[in-house]
Amino acid sequence: MTNHSLLKLAWQQTLAANRLPIWRALLLALTVAISIATLLAVLGDRLEQSLGRQTAELLGADMTLRSGRPIDPAIAERARSLGLETSGVIQFPTMIEAGDNLLLISLRVVEAPYPLRGKIVTQPTLPHLPEPGTLWAEPSVLERLNLKVGDQIELGYTTFTVAAQLTSTPDRGNGFSTFSPQVIINRQDLTATKLLGVGSRARYRQLFAGEPQALKQLEARIRASMASDERLITLDNSNNNINSSALNNASRYLRLGALLTLLISALTIALSLRRYTLNSRDRAAVLLSLGMTARQLQILFLLQLLLAWVACALVGTGIALLLEQFALVLLSDLLPQPVPLAQPVFYGLGALLGLVSLITLGLPPMVAMSQVSVMYLFRRTAAPTTLGGRVLQLVAGVLLTGLLMLYLEDLQLTLILIGALLITAWVLGKFGAWLLRISAFALAGKHTLVRLLRLRIQQQQRWHRMQIPVISLLLALMAISLWARSDLMERWQNQLPDDAPNHFLINIQPHERDGVDQVLDNYQLNSSLYPMIRGRISALNGEPVATAFTPEQRQHNALNRELNLSWTSEMPGHNRLVAGRWSPQADGDTAYISVEQAFANTLGLKLGDTLSFTVGSFPVDGVITSVRAVQWESFQPNFYVIFTPGALDNMPMSYITSFHAEGEQRKVAAALLQRFPTITLIDIDQLLAQARSLIGKLSDTSGMVMLLTLLAGLILVFTTLSQELDQRRYENALLHTLGATPQQCRQLDLLEFALLGLVCGGLAAALGEIALWFIHQRLVLIEPVLHPSNWVLLPLTATALFTLTGLLARRRVDESNSYRLLRTLS
Amino acid sequence: MNGPVSEIILSAQDVAKRFDTQAGTLELFSNISLQIQRGETVAITGPSGAGKSTLLSLLAGLDLATEGSITIAGQATHQLDEKARAELRSRHISFVFQTFHLLPELNALENVILPLEIRGTTDAPDKARSWLQQVGLGERLDHHPAELSGGEQQRVAIARAFATEPDLLFADEPTGNLDEHTGEAIIEQLFQLNRDQNTTLVLITHDNHLAARCDRRLHLHNGELKERRTAGALHD
């Protein structure tokens, strides 16, 4: 037989197979697998390129030094002497005002030359940097303040003209500020705005660019004298900001979803190929009887798989590219634009994965089928499973696992996940099948069909063991992702008392204190102003940090950055004393301090210990006399360490307060900014809205993957239901001839699906509660609660899914001629 | 029927077939010997479960006997490996089945072309067309099996079986799925072609009437194969 005629036969055979539901299930599963694998590969690479691997274009430089304090000018001098270009950037949150609208923005103050790498794109196109007296703002700033290019904005003590809209910009900074809309001004204008004072939350960056050799030299020099709150970002070391870690978590979650989809699809492909090859034994035997060799038969079916793959690869990759565009639109605010294209190889990765899976999973049943004898046409005997077949299946399993591990690029995690999933699936399958049996037993006597149902459950056991874990796990995952999102945002907010502060005021200078108090009083706002001084812990009981604390303790944030210290004679009302006694005043030269409970526990601080601090260049000591419990999420100014009055009096300081403003009181914000343009006002509602939008966008992206996973699960259920369809048809036909009505037969199916749905939904709800309890207790730190709606909605959803796929699977069953069916099927 | 030079195309000598079952060894038949000459029509009859299909599988070289030897066109099947037996079948044997077993996605012509193409025959389409004309389906070449009646499908299957010019044709209940009238016509055609092509026909059937039309009738019962006289033999 020529290759051409083999290919032609394969083509005709494929077209014919396309009419079979089981073959369609295979095509769908393969398409979904290819879509998700391509989507993840392409999107993952683009995200990684834009965030994971910092590029000079995104960083705006070859190397950046970040600090919470002004950076020593000597470093810039040194860089210039090495022939490097350098530029300083200051970034901080502030509220801006236009008419009645207030907006929390992140203000970036830059000086020429800037940026050192990449470029800022504006509309209209403007060269270099904002001219003094003008600013550039991102589109969301203009939209939300109802402004356009040419309008004026108040910023601190200065009025600026909006000169351009920022289309794309490198060096968006790090931390939460990257989610806030940004505004860029020229460094020359900063002093006039008077926005930068003691206590402002400014972050400083020094950018460097130039010859690699000189950069290396500078890097070594900086590292030698780097403070613990400074970070040096080079092109090789990955960044560590909220932005990328949120995206990294999202990407991990996506990978879990993708892994699940790929495993489910692989199972579907294996099962549908099994069914298809079993159904094709007649054809194989006929072809052998016509003179075809086993080898030609294998090539024929392999060609059929290849043809199917080509179609699925085209459609699957196409779908992936569409979804990718959609995801990029969703994430566009979070990603520095333009997002680099993925490397070409990633566009073909899904299709390649699909091909290898199809061949790996397809070979064992194909080989088994080609071993069928012509004799099968005379006497139907099942071909025995040979040892070779089993070995081939095992090899296929190992190969596929290896492939997934390579694809997901995290060998250990993939192995652990696959192991955990398999064990969970096994337990769920066993337990679920047991629940089914028990429920059917409990129902006995309630309905005439229950006896038959028990038989059916016995008979379908092995498929139930596969359907139950897949559907329970999928529903649980979806419920978890939906609840975790809403729980995190809404319940956290709901747990706050109604009068929890919704505004923070920071950067209040001592001379502004009374004025601020007065304005707050005018609006009947009740609030206390706390002094805030930044200091670093230097010793415990006279012993330096390096030896006084264990290496684990030294990892604590409080020992690695400047702390916000305060003083007051009265313990803040929202704190609670848990040990010692509150000291209202110092005892002569000895200052007393009160420390926060968790901080004291972690660092092993005890009552009577002396903790030493460095504030600026001054040393300050305090003896611990009390330990306080602090509710960090209360939105009140909270401090790890509070001194008795006196010890910190002459240090550089600012004041901080928070208050709850509602309705008319909200106008206080504008009033405060008008009178004290340099204080920083943070609207918590806006901050939460920005966080909610970030989480929303990430979870919408994950939702897309979850939908694909669910689709993969449904195809699997359909495939498993189709596996024993002949058995079901035979059984129903038999019942017909024994006097059952078609309705009764349908009822039996519906009863089975309803019971399956209840069991799966119940298991999913239970799994969901366990996972959410863990997330609440350990990750989000909110009081765990039950989700009663899950216990109703999930079983209903599962029942609906089973009924729907069941109806689809048995759509073609012609029950009108039971007798003929019985004859052909028996 | 017997010409001056009779050629034995198929012979079995002391053939036995036993299966290992959970209850022990089951002997289906033993000491079966027969010789079939080129051009003969032979019916194998017997009650269900007597082992007719198993005997057919041994005679067609699809399976090996537990004891004894079977020779097809001068080659002893037990001396050949699976591949060589497949080649032997491909050269000398065709099958006609009760349920036709046409490939549904191929039209009548393509179904007949298929075994020719598998054998690399150069003028496959012409040959196939001519065979379909011989069975009276010259006008329905491009019809798919679903568009043909049962009788027509079996005729395509017969054309397909004869197209490769086999020495031996095994037919398993060829009229089992057809009404009496159509079955009659099909059998008529099968016997006619068989005579024209000098093919040896081995039929498995329950139908006594059909068996009676064959040159010889072998009855398999209780593990024994006995020859019965037939009307066909009486005609000679």
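Which residue lies over the face of Phe191(B)? The residue is Arg213(B), at 5.2 Å from the ring centre. Welcome to a two-chain tour, and please keep in mind that this is a predicted model, in which local features need pLDDT of at least 70, side-chain atom pairs count only at pLDDT 80 or more, and totals for chains, interfaces and linings use all residues. Residues are numbered from 1 along each chain as its sequence is written, chains are lettered from A and ligands numbered from 1 in the order in which they are written, and side-chain values use heavy atoms, with hydrogens and water left out.

**The two chains**

- Chain A contains 26 helices and 21 strands; helices (H or I, at least four residues) and strands (E, at least two) are DSSP runs, numbered from the N terminus.
- Chain B has 8 helices and 10 strands.
- Of the 826 residues in chain A, 54% are buried, where buried means under 20% relative accessible area, exposed means over 50%, and partly exposed is in between (1.4 Å probe, protein chains only).
- In chain B, which has 236 residues, 53% count as buried.
- Take the contacts in chain A between residues at least 6 apart in sequence: 83% of them join residues at least 24 apart. Contact here means heavy atoms within 4.5 Å.
- In chain B, residues 24 or more positions apart account for 66% of the contacts with a separation of 6 or more.

**Where the chains meet**

- The interface brings 23 residues of chain B into contact with 23 residues of chain A.
- The size of an interface is often given as the accessible area lost when the parts come together.
- Between chain B and chain A, about 2100 Å² is buried, and carbon and sulfur atoms give 65% of that; buried area is the accessible area (1.4 Å probe) that two parts lose on being put together, summed over both.
- His101(B), Glu105(B) and Ile118(B) supply 29% of the area that chain B buries against chain A, more than any other three residues.
- The rule finds 1 salt bridge across this interface, a salt bridge being a side-chain nitrogen of Lys or Arg within 4 Å of a carboxyl oxygen of Asp or Glu.
- Glu105(B) and Arg283(A) meet through their side chains in a salt bridge, at 2.7 Å from N to O.
- Met375(A) touches Ser53(B), Ser57(B) and Leu62(B), not counting residues up to four places away in sequence.

- Met375(A) is in the loop between helix H12 (349-370) and helix H13 (387-408), and is buried at a relative accessible area of 7%.
- The C-alpha atoms of Met375(A) and Ser289(A) are 9.0 Å apart, although 86 residues separate the two along the chain.
- Ser289(A) is one of the buried residues of H9(A), as is Arg283(A).
- Helix H9 of chain A (residues 281-289) is mostly covered, with 8 of its 9 residues buried.
- After H9(A) comes Gly291(A), with a positive phi near 110°.
- Thr31(A) has its place in helix H2 (residues 21-52) and is buried, with a relative accessible area of 11%.
- Beyond its neighbours within four places in sequence, Thr31(A) is in contact with Cys312(A), Val315(A), Gly316(A) and Ile319(A).

**Rings and charges**

- Over all chains, a search finds 8 aromatic pairs; rings of Phe, Tyr and Trp (its six-membered ring) pair if their centres lie within 6.5 Å, and planes under 30 degrees apart count as stacked, over 60 as edge-to-face and the rest as tilted.
- One stacked pair is Phe431(A) with Trp434(A), at 5.9 Å centre to centre and 20° between the planes.
- Both residues of that pair, Phe431(A) and Trp434(A), lie in helix H14 (residues 411-443) of chain A, 3 residues apart, about one turn of the helix.
- Phe599(A) and Tyr640(A) form a stacked pair too, with 4.7 Å centre to centre and 20° between the planes.
- Phe599(A) lies in helix H20 (residues 597-603) and Tyr640(A) in the loop between strand E18 (618-629) and strand E19 (641-643), so the pair ties together parts that are 41 residues apart in sequence.
- In chain B, ring pairs link Phe95(B), Phe97(B) and Phe170(B) into a cluster.
- The charged end of Lys194(A) sits over the ring of Tyr157(A), 4.8 Å from its centre; a charge sits over a ring if NZ of Lys or CZ of Arg is within 6 Å of the ring centre and within 35 degrees of the ring normal.
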